[in-house]
Amino acid sequence: MTEESEALVRSVLVVANPTAGTTSDRLTADVLALCAARAAEVRIHRTTGPGDAAAAVTAARWGTDGHAAPDMVVAVGGDGTVHEVVDGLTAPGPAARPALAIVPAGTGNSGYKMLWSERPWQEALSAVLDGPGHGARLCGLDLAHLAETGAKVFLGSCSGVIADALRVARSVPLSGRDRYTRAFADAADAFTPYPGRVTVDGALLYEGPTVLANVGGGRFRGGRYQVLPHSKLDDGLLDVCVIGSPVSPREVPELTRHAAHLGLPGVHYGRGRRIVVERLDGAPLCFEHDGNLQPPGLARLTFDVLPGALPVWAAGTAVLADASAREPA
């Protein structure tokens with residue numbers, strides 16, 4: 001796709017999660033107003049529970065909701081909401097797929113940051129709706145397919161301490177990124193590495209005590225932690241970072257905050273089309289994908305890349321580079 005898309009957005013479906021971590025009725029109203037000022041048709045679906053966002057987007061693509069398929073779906077929520085919207089956009093159906101845009105309203109909002117850095121959502125959505133020359137681009141985003149479950153992974157999947165932090169976060173009385181920051185620190189303080197192995201395209205990348213193995217996708221986790229700083233949206237490959245012995249779990253939050261883990265003994269970084277993450281003692285892996293902690297049961301995870309599988313709106317290259325340079329430390 002070209003750097004500046006020439007396709008104007010005329011029809012918009014807003015999918016809003018009213019229970020997302022930092023959402024509000026005012027936020028949803030502001031999103032609708034901004035879209036209505038620029039698009040010919042805007043409609044909203046407020047989610048009612050798990051799986052509802054995916055079902056609504058699938059129905060919109062098929063036109064079974066009584067409307068023509070939209071040009072764009074705006075996900076208002078966190079990384080979990082975005083994951084469900086992606087499920088709907090990539091489900092079997094018409095060849096044409098609406099493009100995804102994100103308004104961050106969750107805890108970490110790593111998916112939004114991957115696409116727009118720290119640019120305010122109002123500026124990002126306006127750039128998309130205003131058309132060519134306003135700093136937005138339409139690109140084909142690579143996804144990961146988790147063979148064991150069939151899930152399509154938008155942002156990334158991580159075993160170990162990052163996944164455990166989602167469990168801890170349930171009892172942290174904070175909101176937004178601060179909630180995950182506290183949970184990550186608490187989880188790291190108590191974490192015991194597991195015996196693991198990671199292969200990339202059939203070649204061994206690492207085997208030994210494992211603090212985390214992150215496959216993706218997105219550069220950030222929890223909105224602040226640059227676990228995969230070299231990852232690109234559309235290079236047709238998955239990145240993987242393994243942090244193992246001798247790195248202490250307690251060091252991981254601060255190291256990954258500044259991407260200072262790369263190059264340390266015990267840190268292994270790779271890139272490929274198929275990545276396998278295993279736990280070797282027979283116990284199930286603690287893992288998440290797209291901000292959703294997964295039920296225990298799997299000791300092996302197989303990720304295959306789906307190149308360019310999802311049309312998404314993101315910042316133009318120059319805009320994204322400038323915003324990244326201005327990110328707070």
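How much space lies in the largest pocket? In this predicted model, the largest pocket holds about 830 Å³ of space. Its lining comprises 34 residues, and Asp79, Gly80, Thr81, Gly291 and Asn292 are those that lie nearest the centre of the pocket. By residue class, the lining of the largest pocket divides into 18 polar, ten nonpolar and six charged residues. Several secondary-structure elements each supply at least two residues of this lining, namely α3 (79–90), α6 (161–169), α7 (176–190) and β14 (292–293). The greatest contribution comes from α3, which gives five residues to the lining.

Helix α5, spanning residues 121–130, is mostly covered, with seven of its ten residues buried. The buried positions are Trp121 together with Ala124, Leu125, Ser126, Ala127, Val128 and Leu129. After α5 comes glycine 131, which has a positive phi near 90°.

Leaving aside residues up to four places away in sequence, serine 11 touches Glu41, Arg43, Ala69, Pro70, Asp71 and Met72. With one of these residues, glutamate 41, serine 11 also makes a polar contact from side chain to side chain, at 3.5 Å.

Notes. Residues numbered from 1 in each chain as written. Predicted model: local features only at pLDDT ≥ 70, side-chain atom pairs only at ≥ 80, totals over all residues. Heavy atoms only, no water. 1 Å grid on protein atoms, 1.4 Å probe; cavity = no way out; pocket = protein on both sides within 12 Å on 5 of 7 lines; lining within 4 Å. Points joined across faces, edges and corners; volume = space filled by probe spheres on them. Helix = DSSP H or I, 4+ residues; strand = E, 2+ residues; numbered from the N terminus. Nonpolar A, V, L, I, M, F, W, Y, C, P; charged D, E, K, R; others polar. Buried < 20%, exposed > 50% of the residue type's maximum accessible area, 1.4 Å probe, protein only. Polar contact = N/O pair within 3.5 Å; in protein donor to acceptor, adjacent residues only side chain to side chain. Contact = heavy atoms within 4.5 Å.
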